[in-house]
Amino acid sequence: MRVLSGIQPSGKLHIGNYFGMMRSMIKWQKQSELFCFIVNLHALTSLSDGETLARNTLEAAADFLALGLDPELSIFWVQGDVAAHAELTWILHNHASMGLLERSHSYKDKIARGQTPHHGLFSYPVLMAADILLYQADLVPVGKDQKQHLEITRDIAAAFNNVYGPTFTMPEPAINENLATIPGSDGQKMSKSYGNAIEIFQPQKELRKVVMKIVTDGRSVEDVKDPDNCNLFNIYRLFVDAEKEGELRERYLRPGLQYGEVKKELADIIWNYFEPYRERRESFSARPDDLRDILQKGAQKARAVAAETMDKVRDKVGLNY
Ligand code: ADP
Ligand code: TRP
């Protein structure tokens, strides 16, 4: 089975990315043919600072490798290194109806948040469809925010298959409902672009600061608290087992709990959780050429798989003459 997913290097990777997507991708590498890539072409839709994009791309690669992605067990590369993504996107544009793209929540959200409505943003889901269909992926592990993008991908694949005959595999999303949307420090979906992210690898002092800023309700120490609607609780529970979660829940339901205390505990818990990976992370970021080498080898493998699909597609649409 082919499992595939990508992540944007539009900022530093955060715990929403980790629990929403990275952790399950790393698990899949032992039981599937895994395709994992950094989608720098997608990041161009929101980032127009070349140096930052280049730096973030290498950092995202270092994060993934430090956390356990094995480039020998998987195909790990950078989207922009494989030209076929852009080529297939153009072909698929002709099978992506305007109405379909106009219904995209992600596009509407981005505009509502003040991004300039440009064409890259509008056709973002077509590039994502190309990413997935190019490798004939069966399963795509993502967070809940990507569900509609998967539906659009399936629509585009069906439209193309309908015209040219069976060509693309229909991909299924793999969304862990329990971890579907990790809240950020302000309670909205954690995102690199919302300024509410808790990064996976950040200096301890900064980590503490961000955790102390997690928004909680105005209940006083003596009040009984509501764990299920508490952002702090919902982040804390990601890092502990069921027993520890139960203990915290009980503390919430008894008077005397101070949110500040829970935040201090959480900052230490997060720090310790990622501790085993920190040394590897530093070692990778100190060796950018080795990282580039790993990514180039990955791109070579990806190109070979992409070429099989492109050959078929170019034949069918008449680009091979
Ligand atoms: P961001 O919104 O931070 O830019 P991406 O769009 O690059 O993140 O998302 C990469 C992957 O991480 C996707 O599969 C996405 O669904 C998942 N993801 C991102 N943020 C969250 C979150 N807050 N909760 C769960 N999954 C998330
Ligand atoms: N749109 C995805 C996100 O923002 C990233 C992405 C691009 C992706 N191409 C993909 C995810 C292909 C899965 C498969 O998270």
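User: Which residues does Thr116 touch, not counting residues up to four places away in sequence?
Analyst: Contact here means heavy atoms within 4.5 Å. Leaving out residues up to four places away in sequence, Thr116 touches Ile111 and Leu121.

User: Before we go on, what am I looking at, and how are things numbered?
Analyst: It's a predicted model, where local features need pLDDT of at least 70, side-chain atom pairs count only at pLDDT 80 or more, and totals for chains, interfaces and linings use all residues. Side-chain values use heavy atoms, leaving out hydrogens and water, chains are lettered from A and ligands numbered from 1 in the order in which they are written, and residues are numbered from 1 along each chain as its sequence is written.

User: Is Thr116 buried or exposed?
Analyst: Thr116 sits in the loop between helix 6 and helix 7 (119-122); helices are DSSP runs of H or I with at least four residues, strands are runs of E with at least two, and both are numbered from the N terminus. Buried is under 20% relative accessible area, exposed over 50%, and partly exposed in between, with a 1.4 Å probe and protein chains only. At 57% relative accessibility, Thr116 is therefore exposed.

User: And Arg278, buried or exposed?
Analyst: Arg278 belongs to helix 13 (residues 259-285). Not counting residues up to four places away in sequence, it touches Phe201 and Trp271. Its relative accessibility is 10%, so Arg278 counts as buried.

User: Why do the buried residues of helix 4 line one face of the helix?
Analyst: In helix 4 (residues 84-93), the buried ones are Ala84, His85, Leu88, Thr89, Ile91 and Leu92. Look down the axis, taking directions from the helix axis to the C-beta atoms. The buried residues line one face because they fall within an arc of 165 degrees.

User: What do those buried residues of helix 4 pack against?
Analyst: There are strands and helices on the list. The partners are strand 2 (33-38), helix 2 (40-43), strand 3 (74-78), helix 8, helix 9 and helix 14 (288-317).

User: How far apart do the C-alpha centres of domain 1 and domain 2 lie?
Analyst: The domain bounds come from an automatic or database assignment, which gives domain 1 (2-181 + 287-317) and domain 2 (201-282). Across the boundary, 12 residues of domain 1 are in contact with 10 residues of domain 2. The C-alpha centres are separated by 32 Å.
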